[in-house]
Amino acid sequence: MIDLHAHVLPGLDDGPDTLEGALELLRQAYEDGVRVIVASPHAGDGRYETHPSEIRGALDAVKARLEEDSLALTVLPGMELYLEGDVLKNREDDELLTVGGLGRYLCFELPTTSLPFFIEEILFRVNLRGYLPMIVHPERNVEIQRDPSVFRSLARHDAVAVISAGGIMGAYGRRAKKAATELLRMGLVRGICSDAHSARHRPAVLSEALRAVEAVVGSTEAARLAWDYPAEILKPLELSRGP
Ligand SMILES: [Fe+2]
């Protein structure tokens, strides 16, 4: 499986505080069957303003330990930007870290209570800067919950939806679960993320969510959501499904 968004780097945001905590999460992901994980700490959400250089530094430390432990887990860089106003306006390209550092998709979270005014214009500007929007856990947004088909207008700007494990499993309530289910049925979802923060409270586990996804779209499509579509987002990387 590929986990397209998780807070698994130490000391940067509300993810793990220590390197040991980060490794615990990454081992948990590996044991669950995850072979590729995008480490995307919060950035620009009013609480955390994480710089790409800090993310790359923390990632290097984590990777060195994974190598020592011979854990065949690919950890890629990223950042989770808060989608409001003109999110990219005050950010130069070197202040942005795309999904996997590949220069294509930027990872965004939506506010939970409303959609930003002129969201299409914001996404249009994201496109103008040469990026594609990957929107994580859209099912937690109240307006998407009210009418999941709203996401179609975002998809006009090549936005892809990545639902969260907690969302599809009901951890964020019935409405979020229903929205995630409908987004899946509409074919707007291109991946699943753990949105892991801690091994106990929000774990790096996707397998249970995948079973819930299977129940909605069947096993063939669920397998694509677990690997093929995310691998498409991470092109041109050649990813190993590993042992
Ligand atoms: Fe997140």
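What covers the buried residues of H2? I opened the notebook with this point, and I record at the outset that the model is predicted.

**Entry 1. Helix H2**

I found that the cover over the buried residues of H2 includes helix H1 (19-32), strand E2 (36-39) and strand E4 (74-77). I then looked up the helix itself: H2 takes in residues 52-68, 17 residues in total. From its first C-alpha to its last, H2 reaches 24 Å, close to the 24 Å expected at 1.5 Å a residue. I listed its buried residues as Ile55, Ala58, Leu59 and Val62. Viewed down the axis of H2, these buried residues fall within an arc of 105°, so they line one face of the helix. On the other side of H2 I noted Ser53, Asp60, Ala64, Glu67 and Glu68 as exposed.

**Entry 2**

I traced an open sheet of six strands, ordered E3-E5-E6-E7-E8-E9, with parallel pairing. Strand E3 (42-43) and strand E9 (189-193) stand at the edges with a single partner strand each, so one side of each lacks a neighbour in the sheet. E3 is joined to E5 by two bridges, and these strands run parallel. Within that pairing I located His42 opposite Glu80 in E5.

**Entry 3. Strand E6**

I next asked which residues of E6 point one way and which the other. Tyr105, Cys107 and Glu109 point one way, Leu106 and Phe108 the other, and all are buried. Five of the five residues of E6 (residues 105-109) are buried, so this strand is largely enclosed by the rest of the structure.

I checked the pairing of E6 with two strands. With strand E5 (residues 80-82), E6 pairs in the parallel sense over three bridges, and Leu81 stands opposite Phe108. With strand E7 (residues 132-136), E6 is joined by five bridges, again in parallel; the bridge partner of Phe108 in E7 is Ile135. I also recorded that E6, helix H3 (residues 119-128) and E7 make a right-handed β-α-β unit.

**Entry 4. Tyr131**

I looked up Tyr131 in the loop between H3 and E7. Is Tyr131 buried or exposed? It has 21 C-beta neighbours inside 10 Å; 20 or more is the criterion for burial, so Tyr131 counts as buried. Leaving aside neighbours within four places in sequence, Tyr131 is in contact with Thr98, Tyr105, Leu106 and Val126. Tyr105 and Leu106 are among the buried residues of E6. Tyr131 and Lys235 are 104 residues apart in sequence and, C-alpha to C-alpha, 14 Å apart in space.

**Entry 5. Helix H7**

I compared the span of H7 (residues 174-185) with expectation: its 12 residues should span 16 Å at 1.5 Å a residue, and its end C-alpha atoms are 16 Å apart, which agrees. In H7 I noted Ala176, Lys177, Ala179, Ala180, Thr181, Leu183 and Leu184 as buried. Their cover includes helix H4 (142-146), helix H5 (151-155), strand E8 (160-164), helix H6 (165-169), E9 and helix H8 (207-217).

**Entry 6. The nonpolar core**

I asked which residues have the most contacts inside the largest nonpolar core. They are Val8, Met134, Val162 and Ile192, in a core of 76 residues. I followed up Ile192: beyond four places in sequence, Ile192 touches Val162, Ile163, Ala165, Leu206, Ala209, Leu210, Val213, Leu225 and Ala226.

Definitions and conventions
Residues are numbered from 1 along each chain as its sequence is written. This is a predicted model: local features need pLDDT of at least 70, side-chain atom pairs count only at pLDDT 80 or more; totals for chains, interfaces and linings use all residues. Helices (H or I, at least four residues) and strands (E, at least two) are DSSP runs, numbered from the N terminus. The expected span of a helix is 1.5 Å times one less than its number of residues. A residue is buried if 20 or more other C-beta atoms lie within 10 Å of its own, exposed if 12 or fewer, and partly exposed in between; C-beta atoms are placed from the backbone. The arc is that of the directions from the helix axis to the C-beta atoms. Two residues are in contact if their C-beta atoms, placed from the backbone, lie within 7 Å. A nonpolar core is a set of buried Ala, Val, Leu, Ile, Met, Phe, Trp, Tyr and Cys residues joined through C-beta atoms within 7 Å. Two strands pair if DSSP finds at least two bridges between them. A crossover is right-handed if, with the strands pointing away from the viewer, the path from the first strand over the helix to the second runs clockwise.
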